[in-house]
Amino acid sequence: MTIQNIVTQLGGGMLKTILLFFSTLVIALPLGLLVSFARMSKVTFISKKFKPVRLLAQIYISIMRGTPLMLQIMVVYFGPYYLFGMKISSSYQIYAAIIAFAINYAAYFAEIYRGGIESMPQGQYEAAKILGFTKAQTFFRIILPQVMKRILPSITNEVITLVKDTSLAFVIAYAEMFTMAKRIAAKETSMIPFVAAGIFYYVFNLIVAVVMNRIEKSMDYYK
Amino acid sequence: MKMLEAKELKKSFGGNEVLKNISFEVNKGDVLAIIGPSGSGKSTLLRCITQLERIDSGEIVICGDTLVKTDAFGKAVYADKKQCAAISRHLGLVFQNFNLFPHFSVLRNITEAQRKVLGRSKDSSEEIARKLLKKMGLADKAHSYPCELSGGQQQRVSIARALALSPEVLLFDEPTSALDPELTGEILRVIRGLASEKMTMIVVTHEMLFAESVADRVIFMDNGNIIENGTPEEVFKKSTNERTKAFLSKY
Ligand SMILES: Nc1ncnc2c1ncn2[C@@H]1O[C@H](COP(=O)(O)OP(=O)(O)OP(=O)(O)O)[C@@H](O)[C@H]1O
Ligand SMILES: [Mg+2]
């Protein structure tokens, strides 16, 4: 295998890692907000104490956080075959990886959103109500922007973890960076692919840290 | 003309009866001061009028529109949602701790509701906001953020924010209690100025001298009841009620 060959193969893995990373964020960030709404739902059923929507969200979050992500990826990938006898093609790998990551990260994001939303002072809601804002206007114009500022450090932590977690997709042989590095290293009996992968993850996270820091700074204009 | 009529308001939290039987009226252009010890139900009363809380029974009429009345079974029946929203447009409320929106500039704090709630244009809402800021002595603070202002300045912004929606009655819940003593004067001056323009106002306050000199009517509340309702002279000078005298002697 030539150097050039190794670089192209690792490069392909790199792109797939980046694809998985951004797809996960694009789905999990809004999905997490929806889950946090469900988690805080006041809808009751039969008795005043029984809140079915909230309970479902609680169960979902607890399973997502209480079991290994690696296992979840395998369940999403192999589930259709074991459960329904569906044939799985390798083109399903990318979807399975994105679905598994998105629903897992949505659970973590939901808890972060909830913490942020619950920390907002009641006075903000009351002022908005007195001024005549609708509930949707109040949430999206007044509450959410402030929540975002409050939770940004926690979101940054999760995003940095996500960069590293993408390597777990190797369990379904999704050809991301780590899978490729492993393959090439075995074939060439060389450490270099691993070193290259390490550098890639490190630089990726460095960029994430810089970007998140910029976003945090851009919200520094108020307390 | 009556701007506000409250009849036999009752409100409990759990088993705690906070408003026991409150009836009063406010005429157009009048300033009503509400005084009374801590926990007597003053804030709860303002919150019931402004729909931040719901009453258990009684009747509230605001600018001729019935917000809530009591049915034959003694239960409060509110107007429909749209009507409730329309009625709340008659009122403005200034909070003790301002509750400005920290992520908006001073200008946007004052324009946002004008645009999104009243549907005014950007230009006309900014013109109104700038006029009000000038009136509040804050013309140069339009582009500041609330965290860059003193408490007194923040409270003046919150008064401008309420006035921008042209309320017919402006309510204040201890507008100076969160301020350093040297900053209370600037807020009281603003309220005094509004009173001279014949703005109808209800002011919950612990500033007795202010209540005495600015109010047309004074209500003394204690333990969920109105003990006195009269002119400042009647309440501050001529009251024979023991509880009123005991309360006032602390000031
Ligand atoms: N949301 C609530 N839930 C339960 N109890 C409440 C609530 N709001 C007020 N109370 C109770 O109602 C009573 C009256 O409170 P309120 O805030 O109206 O008094 P206040 O006259 O405004 O007092 P202060 O001068 O301290 O502001 C108090 O005993 C208070 O504990
Ligand atoms: Mg109070």
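Guide: A:Arg114 is buried, with a relative accessible area of 18%; buried means under 20% relative accessible area, exposed over 50%, and partly exposed in between, with a 1.4 Å probe and protein chains only. This is a predicted model, in which local features need pLDDT of at least 70 and side-chain atom pairs count only at pLDDT 80 or more, while totals for chains, interfaces and linings use all residues. Residues are numbered from 1 along each chain as its sequence is written, chains are lettered from A and ligands numbered from 1 in the order in which they are written, and side-chain values use heavy atoms, with hydrogens and water left out.

The partner of A:Arg114 is A:Glu111, and the closest N and O atoms of this salt bridge are 3.0 Å apart. A salt bridge is a side-chain nitrogen of Lys or Arg within 4 Å of a carboxyl oxygen of Asp or Glu. Side chains of opposite charge can pair when their charged atoms come close. Both A:Glu111 and A:Arg114 belong to helix α4 (residues 92-118) of chain A, where three residues, about one turn of the helix, separate them. Helices (H or I, at least four residues) and strands (E, at least two) are DSSP runs, numbered from the N terminus. A:Glu111 also counts as buried, because its relative accessibility is 17%.

A second salt bridge joins the side chains of A:Glu126 and B:Arg47, at 2.8 Å from N to O. This pair crosses between chains: A:Glu126 is in helix α5 (residues 122-131) of chain A, and B:Arg47 is in helix α1 of chain B. With a relative accessible area of 14%, A:Glu126 is buried.

Within chain B, the side chains of B:Arg156 and B:Glu186 meet in a salt bridge of 2.7 Å, N to O. Here distant parts of the chain are linked, for B:Arg156 is in helix α5 (residues 151-163) of chain B and B:Glu186 is in helix α6 (residues 181-196) of chain B, 30 residues apart. B:Arg156 counts as buried at 12% relative accessibility, and B:Glu186 counts as buried at 17%. Shared partners also join salt bridges into one network of A:Glu126, B:Lys11, B:Arg47 and B:Glu53. Over all chains, the count by this rule comes to 16 salt bridges.

An oxygen atom of ligand 1 is 3.1 Å from an N or O atom in the side chain of B:Glu174. For the side chain of B:Thr44, an N or O atom is 2.5 Å from an oxygen atom of the ligand. Taken alone, ligand 1 exposes 630 Å², of which the protein buries 60%; accessible areas come from the Shrake-Rupley method with a 1.4 Å probe, and for residues only the protein chains shown count as cover.

Conventions
A polar contact is a pair of N or O atoms within 3.5 Å; within protein, one must be able to donate a hydrogen and the other to accept it, and residues adjacent in sequence count only if both atoms are side-chain atoms.
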